[in-house]
Amino acid sequence: MNRWEVSSLLPQRVLGVGSARCPPYRIRGTHAECLRTRGVSTKAIVYKHALRNAAAPELVVLSLEFIGMFGGALIIENMFALPGFGSFAFNSSIQGDIPVIMGITVFSVMLVVGVNLVTDLINGWLNPKARIF
């Protein structure tokens, strides 16, 4: 590992601490037991029922964590003196560079809208009841 990779380990850990959690089991045991009594195999219960039902809420949480980490990168980059988008935004706001701040804001909004759009499309694919069209 080179020097840059070693020096970026701590900021990566700090940024990832907020999203380090155990995903809860989101399917009721009675539903799985009912399927098991009907003769459905354990593999089919896990892949066709449990994961499909649990994927939509976890996907929403994952997208919110991604957006939150994007915002947290501004603080982490300034704390560890790393060059990046967050430090660029911070320095531009300190200097009062309005066009750059507007560009950063537009980019951030496009990123949030894009992540939410991809999340909604995947949710529509996972759960046909959630589709609009």
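The structure is a predicted model, in which local features need a pLDDT of at least 70 and side-chain atom pairs count only at pLDDT 80 or more, while totals for chains, interfaces and linings use all residues. Residues are numbered from 1 along each chain as its sequence is written, and side-chain values use heavy atoms, with hydrogens and water left out.

**Overall build**

The chain contains 6 helices and 0 strands, where helices (H or I, at least four residues) and strands (E, at least two) are DSSP runs numbered from the N terminus. Along the sequence this gives the pattern α-α-α-α-α-α. Of the 133 residues, 22% count as buried; buried means under 20% relative accessible area, exposed means over 50%, and partly exposed lies in between, with a 1.4 Å probe and protein chains only. The accessible surface comes to about 9,900 Å², and 69% of it belongs to carbon and sulfur atoms; such areas come from the Shrake-Rupley method with a 1.4 Å probe, and for residues only the protein chains shown count as cover. A contact means heavy atoms within 4.5 Å, and among contacts between residues at least 6 apart in sequence, 56% join residues at least 24 apart.

**Aromatic rings**

Rings of Phe, Tyr and Trp (its six-membered ring) pair if their centres lie within 6.5 Å, and planes under 30 degrees apart count as stacked, over 60 as edge-to-face and the rest as tilted. By this rule there are 3 aromatic pairs. One of them joins Phe 70 and Phe 107, a tilted pair with 6.4 Å from centre to centre and 55° between the planes. This pair links distant parts of the chain, since Phe 70 belongs to helix H4 (residues 42–79) and Phe 107 to helix H6 (residues 98–126), 37 residues apart. Together with Phe 85, these two residues form one aromatic cluster.

**Selected residues**

The table sets out the relative accessible area of some residues discussed in this report.

| Residue | Relative accessible area | Class |
|---|---|---|
| Phe 70 | 27% | partly exposed |
| Phe 107 | 41% | partly exposed |
| Ile 75 | 52% | exposed |
| Thr 119 | 7% | buried |
| Ala 81 | 65% | exposed |

Thr 119 is found in helix H6, and, not counting residues up to four places away in sequence, Thr 119 touches Leu 59, Val 60 and Ser 63. Ala 81 lies in the loop between H4 and H5, and its phi is near 55°, a positive value in a residue other than glycine. Most residues other than glycine have a negative phi.

**A nonpolar patch**

Leu 74, Ile 75, Met 79, Phe 90 and Ile 94 make a nonpolar surface patch of about 490 Å². Patches are made of residues with over 30% relative accessible area and no salt bridge, with like charges joined within 9 Å and nonpolar side chains (Val, Leu, Ile, Met, Phe, Trp, Tyr) within 5 Å; a salt bridge is a side-chain nitrogen of Lys or Arg within 4 Å of a carboxyl oxygen of Asp or Glu. H4 gives the largest share of the patch, 3 residues, and Ile 75 lies in this helix.

**Annotated spans**

An unreviewed UniProt entry places the feature "transmembrane region" at residues 59–80 and 100–122; the positions are given in the numbering used here, feature names are shortened, and annotations may be inferred rather than shown by experiment. In the model, residues 59–80 are 95% helix and 0% strand, with their end C-alpha atoms 30 Å apart. Residues 100–122 are 100% helix and 0% strand, and their end C-alpha atoms lie 33 Å apart.
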